[in-house]
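Here are a few exercises to work through with the model open beside you. Try each task before reading its solution.

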Amino acid sequence: MQKGIIIKGISGFYYVKIEEGKIIECKARGKFRNNNITPIVGDRVFIELIEEDKGIIKEIIPRKNLLIRPLVANIDQAVVVFACKKPDIIFTLLDKILIQIESYNIKAIICINKSDLDDNNMFDKVKSIYEKAGYTVIKTNALKNEGIDDLKSLLKDKISVFAGPSGVGKSTIFNKIQNKIKMETQDISSKVKRGRHTTRHAELIDIDNNTFIADTPGFSNLDISFIEPKNLQYMFLEFKDYIGKCKFTSCMHFKETGCAVKEAAHNGLISIERYNAYIEILEEIQNNRRKR
Ligand SMILES: Nc1nc2c(ncn2[C@@H]2O[C@H](COP(=O)(O)OP(=O)(O)OP(=O)(O)O)[C@@H](O)[C@H]2O)c(=O)[nH]1
Ligand SMILES: [Zn+2]
């Protein structure tokens, strides 16, 4: 038996990259279908070789997580890309993307692209808020290849997926970190015209032996209404040290007295921008629930 990872699936065939680096075309053993388990891209599997480059998937190692859009298992990390400008950073959007990623228990790193357009020091602003929250924040200029090596080193030995709004440069960055497939990069308007939201199967692109990136960005559906109001606090990583230290055990860190989170925000231990974002999103989730 050989251990590997499914990097692509096409009509019943799965392409498994085994540890020595070869790609083996596999069929799944019948038992999976009977048990309603279908192998998917990202699955770590054991295969039995039946020919030099053909095999059978015998076992799927339990998944650490499962992303639906794109359909990929075992994502380690999401690279959340925003641009200094064109389009401007919408902080609530960034927070909501991070919340979604946290809800999957996936690590997030923040990449601020278009550093050539940073006349308003947006990178420094993002860095000061989000590093304090525990995130790694890097800057890139994808057109000039600046910061791309830093990003590459953060991808090493992980399965990563890109996230972020349209037009920030995800495809451009993607094309700079690998040269196996070329993603279309265009201005926003012409992409929309083409109707690019047709669903397709995700594929993992291997950058080196144990480093993969999904070829389709994720976390673009910003509906976070699935999050219970009382769980929102856990999606703000920097609240962790204070949760449980409030006067009331059921504290939502909003209007309660004796709130350790609120106090930390007022003392600057938690950035006030993030605390305010928490309140804004909490109210939004609560209001949406009342309407239902
Ligand atoms: N000035 C500048 N422009 C950039 C940079 N990176 C990408 N662009 C441009 O930004 C535009 C959008 O880039 P894309 O890579 O297509 O953006 P995307 O995030 O993939 O967009 P969607 O596919 O719509 O999600 C293109 O015209 C790029 O050439 C950068 O670092 N600086
Ligand atoms: Zn509290």
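Two strands count as paired if DSSP finds at least two bridges between them. Keep in mind throughout that this is a predicted model.

**Exercise 1. Find the partners of β5 and say in which sense, parallel or antiparallel, each one pairs with β5.**

Solution. Start with β3, residues 23-28: this strand and β5 share four bridges and pair in the parallel sense. Within that pairing, look for Ala-28, which stands opposite Ile-57 of β5. Next take β4 (residues 44-51), which pairs with β5 (residues 54-60) in the antiparallel sense over six bridges. Here Val-45 faces Ile-60, and Glu-48 has Ile-56 as its bridge partner. Finally, trace the chain from β4 to β5: a hairpin of two residues joins them.

**Exercise 2. Describe how α2 packs against α8.**

Solution. Two packed helices are described by the angle between their axes and the distance between the axes. For α2 (residues 91-103) and α8 (residues 272-291), the angle is about 75° and the axes lie 10 Å apart. Angles of 65 to 115 degrees count as roughly perpendicular, so α2 is roughly perpendicular to α8. Now list the residues that make the contact: Phe-91, Thr-92, Asp-95 and Lys-96 from α2, with Glu-273, Ala-277, Glu-280 and Ile-281 from α8. Sorted by class, these are three nonpolar, one polar and four charged residues.

**Exercise 3. Which residues come nearest to ligand 1, and which helix gives the largest share of its shell?**

Solution. There are 19 residues around ligand 1, and the nearest are Ser-166, Gly-169, Lys-170, Ser-171 and Thr-172. Both α5 (170-177) and α6 (188-193) supply at least two residues of the shell, with the largest share, three residues, coming from α5. By class, the shell holds five nonpolar, nine polar and five charged residues.

**Exercise 4. Where does pLDDT stay under 50?**

Solution. Begin with the whole protein: pLDDT averages 92, and 95% of the residues score at least 70. The model's ipTM is 0.99 and its pTM 0.93. Then turn to residues 192-199, where pLDDT stays under 50 and the model has one contact beyond four places in sequence.

Note on methods. Residues numbered from 1 in each chain as written. Chains lettered and ligands numbered in written order. Predicted model: local features only at pLDDT ≥ 70, side-chain atom pairs only at ≥ 80, totals over all residues. Near = placed C-beta within 6 Å. Nonpolar A, V, L, I, M, F, W, Y, C, P; charged D, E, K, R; others polar. pLDDT = per-residue confidence, 0-100. Contact = placed C-beta atoms within 7 Å. Axes fitted to C-alpha atoms, helices over the stretch in contact; angles between N-to-C directions. Parallel < 35°, antiparallel > 145°, perpendicular 65-115°, else oblique.
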